[in-house]
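My entries follow the order of the look-ups.

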Amino acid sequence: MTPFGMAVRSLRERKGVSQKQMAAAIGVSPAYLSALEHGRRGKPSFDFLQRVAGYFNIIWDEAEELFMLAGVSDPHVSLDTSGLPSEYTAFANRLARVIRQLDPQVIEQLDTMVKNASKPS
């Protein structure tokens, strides 16, 4: 499940609606909504995100958070290492091969390192 999928499921549970009810209300199939929630579909369109925000009547910060989560929830990630040293390409490929076997604590440590590296000095 992706961060976006978890957020949508949480919104549905708070409102007390099923995937089928929500899908009908926003004009998508229940299968599509299920695939989004379970991380089997890519990033949803801006139009879809607006319909979800409207359906749950969320505004400003909560809608912005939902849109941000959609942006980081694409399960099909591509890294462009062209122009970078060969070690970067090798690392990206090794990570792609082993990510499913990594312990959640290792993911958390890597995430912390990446977040710290991207902070302004």
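Before reading any angles I wrote down the scheme: under 35 degrees counts as roughly parallel, over 145 as roughly antiparallel, 65 to 115 as roughly perpendicular, and the rest as oblique. I also noted that this is a predicted model.

Entry, helix 1 and helix 5. I looked up the two axes and found that they come within 7 Å and cross at roughly 140 degrees. Helix 1 and helix 5 are therefore oblique to each other. I recorded the crossing of this pair as left-handed. On the helix 1 side, I listed Pro-3, Phe-4, Ala-7, Val-8, Leu-11 and Arg-14. They meet Glu-62, Leu-66, Leu-69 and Ala-70 in helix 5. By class, I have 8 nonpolar, no polar and 2 charged residues in the contact of helix 1 with helix 5.

Entry, helix 2 and helix 4. I took helix 2 as residues 19–26 and helix 4 as residues 46–55; their axes come within 10 Å and cross at roughly 115 degrees. That makes helix 2 roughly perpendicular to helix 4. I noted a right-handed crossing for helix 2 and helix 4. From helix 2, Gln-21, Met-22, Ala-25 and Ile-26 take part, and they meet Phe-48, Arg-51, Val-52 and Tyr-55 of helix 4. The contact of helix 2 with helix 4 holds 6 nonpolar, 1 polar and 1 charged residues.

Entry, the core. Which members of the largest nonpolar core touch the most other members? I found Phe-4, Met-22, Phe-48 and Leu-66, out of 23 residues. Helix 1 (3–15), helix 2, helix 3 (30–37), helix 4 and helix 5 (60–71) each supply at least two residues of this core. I put helix 4 down for the largest share, 5 residues.

Entry, Phe-4. I then listed the contacts of Phe-4, leaving aside neighbours within four places in sequence. The list is Leu-36, Pro-44, Phe-48, Leu-49, Leu-66, Leu-69, Ala-70 and Ser-73.

Entry, Ser-34. Is Ser-34 buried or exposed? I read 15% relative accessibility, so Ser-34 counts as buried, the cut-off being under 20%. I placed Ser-34 in helix 3. Beyond its neighbours within four places in sequence, Ser-34 is in contact with Gln-19 and Arg-40.

Key:
Residues are numbered from 1 along each chain as its sequence is written. This is a predicted model: local features need pLDDT of at least 70, side-chain atom pairs count only at pLDDT 80 or more; totals for chains, interfaces and linings use all residues. Side-chain values use heavy atoms; hydrogens and water are left out. Axes are lines fitted to C-alpha atoms, for helices over the stretch in contact, and angles run from 0 to 180 degrees between N-to-C directions. Helices (H or I, at least four residues) and strands (E, at least two) are DSSP runs, numbered from the N terminus. A crossing is left-handed if the near helix is turned anticlockwise from the far one by less than a right angle, and right-handed if clockwise. Contact means heavy atoms within 4.5 Å. Ala, Val, Leu, Ile, Met, Phe, Trp, Tyr, Cys and Pro count as nonpolar, Asp, Glu, Lys and Arg as charged, and the others, Gly among them, as polar. A nonpolar core is a set of buried Ala, Val, Leu, Ile, Met, Phe, Trp, Tyr and Cys residues joined through side-chain atoms within 4.5 Å. Buried means under 20% relative accessible area, exposed over 50%, partly exposed in between (1.4 Å probe, protein chains only).
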